[in-house]
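The sequence and the model are shown below.

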Amino acid sequence: TRWDIIDCSQGSWDLYSANSSHGHVLTTAGVSLNAAQHQTDGYVQYSLERFDLLTTTDVIVTTTDSLPYLHAQKAFMSLPAAKAGRLYATDLFFPASYGIALALLDDLAGICSKVAGA
């Protein structure tokens, strides 16, 4: 299963790598990144026209605040992961402590259960 971690605002979206705090937590737990797999920067910002980078991504994790922006983007909602309902949100995007990292892992476990059941 290929994953990507993103967030979105009104005019752009960010793709997070294993070098971001939350990317590190998820990849250490076994998540395989897709579009960000070779990305060395913690995140790279893209225009809304570049959602095509996620066409082969199976699962997308984002922030709750990003959901309205993503749902408003036809190009995003036409992605296979979005059409299949494999868009998941967490409010624990930037773990700055072990406690938050552990809570993010709990969120990940819940997402994995949903993905496995889909």
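Is Tyr-16 buried or exposed? Tyr-16 is buried, because its relative accessible area is 5%; buried denotes under 20% relative accessible area, exposed over 50%, and partly exposed the range in between, with a 1.4 Å probe and protein chains only.

## Basis of the model

This is a predicted model, in which local features need pLDDT of at least 70 and side-chain atom pairs count only at pLDDT 80 or more, while totals for chains, interfaces and linings use all residues. Residues are numbered from 1 along each chain as its sequence is written, and side-chain values use heavy atoms, with hydrogens and water left out.

## Overall architecture

The protein chain contains five helices and six strands. These elements are DSSP runs numbered from the N terminus, helices being H or I with at least four residues and strands being E with at least two. In sequence order, the pattern is β-β-α-β-β-β-α-α-α-β-α. The radius of gyration is 13 Å, close to the 13 Å given by the globule rule for 118 residues, so the protein chain is as compact as a globular protein of that length. Here the radius is taken over C-alpha atoms, and the rule is 2.2 Å times the number of residues to the power 0.38. The C-alpha trace spans about 35 × 30 × 25 Å along its principal axes.

Of the 118 residues, 41% count as buried. Among contacts with a separation of 6 or more, 65% come from residues 24 or more positions apart, a contact being heavy atoms within 4.5 Å. The accessible surface amounts to about 6,200 Å², and 53% of this belongs to carbon and sulfur atoms; the areas come from the Shrake-Rupley method with a 1.4 Å probe, and for residues only the protein chains shown count as cover.

Strand β2 covers residues 12–16, and five of its five residues are buried. Both of its faces are covered, with Ser-12, Asp-14 and Tyr-16 on one side and Trp-13 and Leu-15 on the other.

Strand β2 pairs with strand β1 (residues 2–8) in the antiparallel sense over four bridges; pairing requires that DSSP finds at least two bridges between two strands. A hairpin of three residues joins β1 to β2, and Cys-8 stands opposite Trp-13 in β2. Strand β2 also runs antiparallel to strand β4 (residues 43–47), to which five bridges join it. In that pairing, Tyr-16 stands opposite Tyr-43 in β4.

Tyr-16 belongs to strand β2. Leaving out residues up to four places away in sequence, Tyr-16 touches Ile-5, Ile-6, Asp-7, His-22, Leu-33, Ala-36, Gln-39, Gly-42, Tyr-43, Phe-93 and Phe-94. Tyr-16 and Val-61 are 45 residues apart in sequence, and their C-alpha atoms are 10 Å apart in space.

Ile-60 lies in strand β5 (residues 59–63). Ile-60 counts as buried because its relative accessibility is 0%. Apart from neighbours within four places in sequence, its contacts include Asp-4, Ile-6, Leu-54, Phe-76, Leu-79 and Arg-86.

## Two exposed residues

Ala-72 is found in the loop between α2 (67–71) and α3 (74–77). Its relative accessibility is 59%, so Ala-72 counts as exposed. Ala-72 and His-22 are 50 residues apart in sequence and 25 Å apart in space, taken from C-alpha to C-alpha.

Thr-28 is part of helix α1 (residues 21–28). With a relative accessible area of 59%, Thr-28 is exposed. The C-alpha atoms of Thr-28 and Arg-86 are separated by 21 Å, and the two residues are 58 residues apart along the chain.
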